Amino acid sequence: MTLTPGLRAQLLIMVEMEDTAKRIGSGDVPVLATPRLLALAEAATVRAVERHLAPGETSVGTRVELEHLAASPLGAHVQVGVELTEVDGRRLVFAFEAHDQHTVVGKGTIERVVVDRAKFLARAIR
């Protein structure tokens with residue numbers, strides 16, 4: 001595993017109806033849903049580390065802090081950037097920030113843990 005602070009990744013989406021609070025059920029307005037913002041940030045953390053994990057390893061989310069600061073309407077382009085800020089053994093801490101064309105729409109931290117995929121799945125099935 002060659003994970004060091006400073007690894008980065010970005011995702012860019014255009015907000016579509018499937019991304020909205022109204023469609024996801026986290027509200028009744030057609031703007032980027034908070035759960036969708038979180039999913040995008042988590043996907044970016046996966047992207048940041050996937051090439052640096054050993055065969056058979058993956059990472060799983062364990063903790064999230066998220067501030068959803070501004071609404072992004074249908075058609076808005078939202079870019080989510082993440083940076084690995086801390087590596088403590090198998091524990092990884094990321095900072096993330098999301099922007100649309102006008103402002104910061106969200107920010108926070110995500111913690112993940114590197115695990116052996118097969119062992120993790122075996123424990124999950126119980």
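A salt bridge is taken here as a side-chain nitrogen of Lys or Arg within 4 Å of a carboxyl oxygen of Asp or Glu. In the predicted model, the side chains of R112 and E42 meet this criterion, with an N to O distance of 3.6 Å. R112 belongs to strand β5 (residues 104–116) and E42 to helix α2, so the pair ties together parts of the chain that are 70 residues apart in sequence. R112 has a relative accessibility of 5% and therefore counts as buried, whereas E42, at 25%, counts as partly exposed.

The structure holds nine salt bridges in total. Another of these joins E83 and R8, whose closest N and O atoms are 3.2 Å apart. Because E83 lies in strand β3 (residues 77–88) and R8 in strand β1 (residues 8–14), this pair ties together parts that are 75 residues apart in sequence. E83 is partly exposed at 26% relative accessibility, and R8 is exposed at 60%.

A further salt bridge is formed between E111 and R91, with the closest N and O atoms 3.3 Å apart. This pair links distant parts of the chain, E111 being in strand β5 and R91 in strand β4 (residues 91–99), 20 residues apart. The relative accessible area of E111 is 15%, which means that E111 is buried; for R91 the value is 26%, and R91 is partly exposed. E111 and R91 also take part in a network of salt bridges that includes E86 and D88.

In an unreviewed UniProt entry, the annotation "active site" covers T34, E42 and H68. T34 is located in helix α2, and H68 is located in strand β2 (residues 57–68). T34 has a relative accessible area of 34% and is partly exposed. H68 is likewise partly exposed, with a relative accessible area of 27%.

The side chains of T34 and H68 make a polar contact at 2.6 Å. With neighbours within four places in sequence left aside, T34 is in contact with S26, L66 and H68. Under the corresponding exclusion of residues up to four places away, H68 touches L32, A33, T34, L37, V105 and G106.

Helix α2 spans residues 34–49 and contains A41. The relative accessible area of A41 is 0%; because buried means under 20%, A41 is assigned as buried. Beyond residues up to four places away in sequence, A41 touches V80, V82, F96 and I110. The C-alpha atoms of A41 and P30 are 20 Å apart, and these two residues are separated by eleven positions in sequence.

E42, in helix α2, is paired with R112 of strand β5. Among these residues, A41 is buried, while T34 is partly exposed and E42 is also partly exposed.

Terms used. Residues are numbered from 1 along each chain as its sequence is written. This is a predicted model: local features need pLDDT of at least 70, side-chain atom pairs count only at pLDDT 80 or more; totals for chains, interfaces and linings use all residues. Side-chain values use heavy atoms; hydrogens and water are left out. Helices (H or I, at least four residues) and strands (E, at least two) are DSSP runs, numbered from the N terminus. Buried means under 20% relative accessible area, exposed over 50%, partly exposed in between (1.4 Å probe, protein chains only). Contact means heavy atoms within 4.5 Å. UniProt positions are given in the numbering used here, feature names are shortened, and annotations may be inferred rather than shown by experiment. A polar contact is a pair of N or O atoms within 3.5 Å; within protein, one must be able to donate a hydrogen and the other to accept it, and residues adjacent in sequence count only if both atoms are side-chain atoms.
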